[in-house]
Amino acid sequence: MEICFAAAIVASLSACEATREDLVAENLELIARYCLDCHNAAEQAGNLSLEGASLAAVHDDPETWERVVRKLRAGMMPPVGIPRPDQAS
């Protein structure tokens, strides 16, 4: 997965208010599908749980989201061999 996933999250959240809730829900679905198997409260892979993390208020936890963005940009997440979203997602 490339920077596109991270950029999509950031761009989506800064979109107009009329579609903000839909975009947050859509991105939460992506996180649930591609991230939460490992990054949940029980497993905390990499000492990171995205379970309950707020996409509606990324600014409330910038350290976590910066960490997510760095891993996505480096192509480290999801790991090789694990399903990844397509470029458009």
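Let's start with one residue. Set aside the neighbours of K71 within four places in sequence, and K71 is in contact with M76 and M77. K71 is found in helix 3. Its relative accessibility is 33%, so K71 counts as partly exposed. Keep M77 in mind. We will meet that residue again.

A word on the model. It is predicted. So every value I quote today is computed from a predicted model.

Now the overall layout. The protein has 89 residues, and 31% of them count as buried. The secondary structure comes to 3 helices and 0 strands. Read from the N terminus, the elements run α-α-α. What about contacts along the chain? Take the contacts between residues at least 6 apart in sequence. Of these, 47% join residues at least 24 apart.

Next, the core. Which residues make up the largest nonpolar core? There are 11: V24, L30, I31, Y34, C35, L48, L50, L55, W65, V68 and L72. Two elements give two or more residues to this core, namely helix 2 and helix 3. Helix 2 gives the most, with 4 residues.

Let's look at one core member, W65. What does W65 touch, beyond its neighbours within four places in sequence? The contacts are I31, L50, A53, S54, L55 and V58. Three of those names, I31, L50 and L55, are also on the core list.

On to T64. This residue sits in helix 3. Is T64 buried or exposed? T64 is buried, because its relative accessible area is 16% and the cut-off for buried is under 20%. Leave out residues up to four places away in sequence, and T64 touches L48 and L50. Both L48 and L50 belong to the largest nonpolar core.

R67 comes next. R67 is also placed in helix 3. At 30% relative accessibility, R67 is partly exposed. Not counting residues up to four places away in sequence, R67 touches G46, N47 and L48. Look at the pair R67 and L48. They are 19 residues apart in sequence. In space, their C-alpha atoms are 9.2 Å apart.

That brings us to the loop between helix 2 and helix 3. N47 lies in this loop. Some background on backbone angles first. Most residues other than glycine have a negative phi, and most peptide bonds are trans. Now the two loop residues. Phi of Q44 is near 45°, a positive value in a residue other than glycine. N47 is not a glycine either, and its phi is positive, about 60°. How accessible are they? Q44 is partly exposed, at 35% relative accessibility. N47 counts as exposed, at 62%.

There is another backbone feature to point out. Where is the cis peptide bond? The bond joins M77 and P78, with omega about -20°. P78 lies in the segment after helix 3. And M77 is one of the contacts of K71 that I opened with.

Now charges. Side chains of opposite charge can pair when their charged atoms come close. How many salt bridges does a search of the whole structure find? The search finds 1. R70 pairs with E66, and the closest N and O atoms are 3.9 Å apart. The cut-off for a salt bridge is within 4 Å, so this pair counts. Both residues lie in helix 3. They are 4 residues apart, about one turn of the helix. E66 is partly exposed, with a relative accessible area of 40%.

Last topic: the largest pocket. How do we look for empty space? Rolling a probe the size of a water molecule over the atoms shows where empty space is left. The largest pocket has a volume of about 350 Å³. Its lining has 20 residues, and the closest to its centre are Y34, C35, H39, M77 and P79.

Which helices supply at least two residues each of the lining? They are helix 2, residues 17-34, and helix 3, residues 62-73. Helix 3 gives the most, with 4 residues. By type, the lining divides into 14 nonpolar, 2 polar and 4 charged residues.

Helix 2 gives the most to the core. Helix 3 gives the most to the pocket lining.

Methods: Residues are numbered from 1 along each chain as its sequence is written. This is a predicted model: local features need pLDDT of at least 70, side-chain atom pairs count only at pLDDT 80 or more; totals for chains, interfaces and linings use all residues. Side-chain values use heavy atoms; hydrogens and water are left out. On a 1 Å grid over the protein atoms alone, a cavity is a set of points where a 1.4 Å probe fits but cannot get out, and a pocket is an open set with protein on both sides within 12 Å along at least five of seven lines; lining residues have an atom within 4 Å of a point. Grid points are joined across faces, edges and corners, and a volume is the space filled by probe spheres set on the points. Ala, Val, Leu, Ile, Met, Phe, Trp, Tyr, Cys and Pro count as nonpolar, Asp, Glu, Lys and Arg as charged, and the others, Gly among them, as polar. A salt bridge is a side-chain nitrogen of Lys or Arg within 4 Å of a carboxyl oxygen of Asp or Glu. Buried means under 20% relative accessible area, exposed over 50%, partly exposed in between (1.4 Å probe, protein chains only). Contact means heavy atoms within 4.5 Å. A nonpolar core is a set of buried Ala, Val, Leu, Ile, Met, Phe, Trp, Tyr and Cys residues joined through side-chain atoms within 4.5 Å.
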